[in-house]
Amino acid sequence: MDITKLDQAVKLIRKAKYAVAFTGAGISVESGIPPFRGKHGLWNKVDPIFLEIEYFKNKPLQSWKIIKEIFYDKLNNIEPNIAHKVLAKMEERSFLETIITQNIDHLHQKAGSRYVYELHGTYKQLVCTECSSEFDISFANLDFLPPTCYICKGILKPDIVFFNEPIPAFAKKRSFEEAKKADLMLIIGTNAEVLPAADIPVVAKENGAKIIEINIKETHFTKEITDFYLQGKASEIMKEIGKKLYL
Ligand code: APR
């Protein structure tokens with residue numbers, strides 16, 4: 001880890017008037033959740049078609065079987081790691097305003113962050129494909145798939161954004177607003193490939209924000225928009241940042 005660059009990044013955080021974090025799957029890897037891409041990526045093992053919206057509508061049972069295995073059987077007993085916790089502490093101490101996340105694992109909230117925009121939805125909620133009623137996952141019994149709506153018996157879908165589905169309008173609107181207000185954006189653990197999410201840090205940059213990027217390897221952001229690239233694991237770097245901010 002490059003200490004000077006880390007010290008410079010911490011100086012930026014201290015000086016920032018409106019810091020926003022933009023996170024991806026990489027921040028949750030050390031909580032035991034595999035990323036989507038790269039050597040250990042989920043999409044190397046599972047065909048993303050199971051999370052394509054038309055496929056889900058035509059074959060809900062096949063889709064649900066995979067969704068249960070890759071998400072619900074894993075996510076219920078995972079905990080936030082130090083990176084999530086430091087971001088929550090940064091919010092508490094007013095070093096950070098909001099988090100915009102592509103993750104559906106609810107770990108930012110579990111770590112104590114209050115201002116979180118979930119661009120790709122959340123696994124914690126199910127929504128009815130017929131009457132749009134919403135249910136917390138704790139009401140569902142996933143031993144019987146596909147789960148059905150308690151009101152209209154319609155098929156329930158995880159409240160996550162499937163491929164070829166639009167992202168939630170409110171989260172999208174607020175995220176771009178936050179990006180425009182930010183004078184500092186911390187980008188943590190994203191491959192920066194999926195749109196429109198990957199446009200958000202670009203909007204922040206275009207509006208004058210300084211960009212700190214934390215990732216184990218470079219992304220196209222690194223050359224295009226990043227001012228400080230801190231190479232390393234999110235938990236290791238965020239732990240150091242937390243120490244230097246006396247969190
Ligand atoms: N610390 C920091 N970064 C890490 C770590 C780690 N321990 N492990 C992996 N990374 C980085 C990888 O180098 C990669 O750049 O995290 C990124 C993970 O990339 P993806 O798996 O593509 O995840 P993400 O960018 O969040 O994907 C965006 O794609 O499939 C969709 O909806 C899905 O929200 C997801 C979206």
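A polar side-chain atom of Thr 190 lies 2.7 Å from an oxygen atom of the ligand. The protein covers 94% of the 730 Å² of accessible area that the ligand has when taken on its own. This is a predicted model.

**Contacts of the ligand**

- Thr 190 is also among the closest of the 23 residues that surround the ligand.
- His 120 has an N or O atom in its side chain that is 2.8 Å from an oxygen atom of the ligand.
- For Gln 102 the backbone is involved: one of its polar backbone atoms is 3.1 Å from an oxygen atom of the ligand.
- Sorted by class, the shell around the ligand contains 10 nonpolar residues, nine polar residues and four charged residues.

**The largest pocket**

- Where is the ligand placed in the protein? The ligand sits in the largest pocket.
- The space in this largest pocket comes to about 1100 Å³.
- Its lining is made up of 46 residues.
- Nearest the centre of the largest pocket are Ala 25, Gly 26, Pro 35, Phe 36 and Arg 37.
- Which helix gives the most residues to the lining? H3 does, with four residues.
- Helix H3 covers residues 60-75, and strand E8 covers residues 210-215; each supplies at least two residues of the lining.
- By class, the lining of the largest pocket has 24 nonpolar, 13 polar and nine charged residues.

**Cis peptide bonds**

- Leu 145 and Pro 146 are joined by a cis peptide bond, with omega at about -10°. Pro 146 belongs to the loop between strand E5 (134-136) and strand E6 (156-160).
- A cis peptide bond also runs from Leu 195 to Pro 196, where omega is near 0°. Pro 196 is in the loop that lies between strand E7 (184-188) and helix H7 (199-206).

**A positive phi angle**

- Which residue has a positive phi although it is not a glycine? The residue is Asn 164, and its phi is about 70°.
- Asn 164 is located in the loop between E6 and helix H6, the latter covering residues 169-181.

Technical notes. Residues numbered from 1 in each chain as written. Predicted model: local features only at pLDDT ≥ 70, side-chain atom pairs only at ≥ 80, totals over all residues. Heavy atoms only, no water. Near = heavy atom within 4 Å. Polar contact = N/O pair within 3.5 Å; in protein donor to acceptor, adjacent residues only side chain to side chain. Areas by Shrake-Rupley, 256 points an atom, 1.4 Å probe, with all protein chains shown as cover. 1 Å grid on protein atoms, 1.4 Å probe; cavity = no way out; pocket = protein on both sides within 12 Å on 5 of 7 lines; lining within 4 Å. Sits in = over half its atoms within 2 Å of the grid points. Nonpolar A, V, L, I, M, F, W, Y, C, P; charged D, E, K, R; others polar. Points joined across faces, edges and corners; volume = space filled by probe spheres on them.
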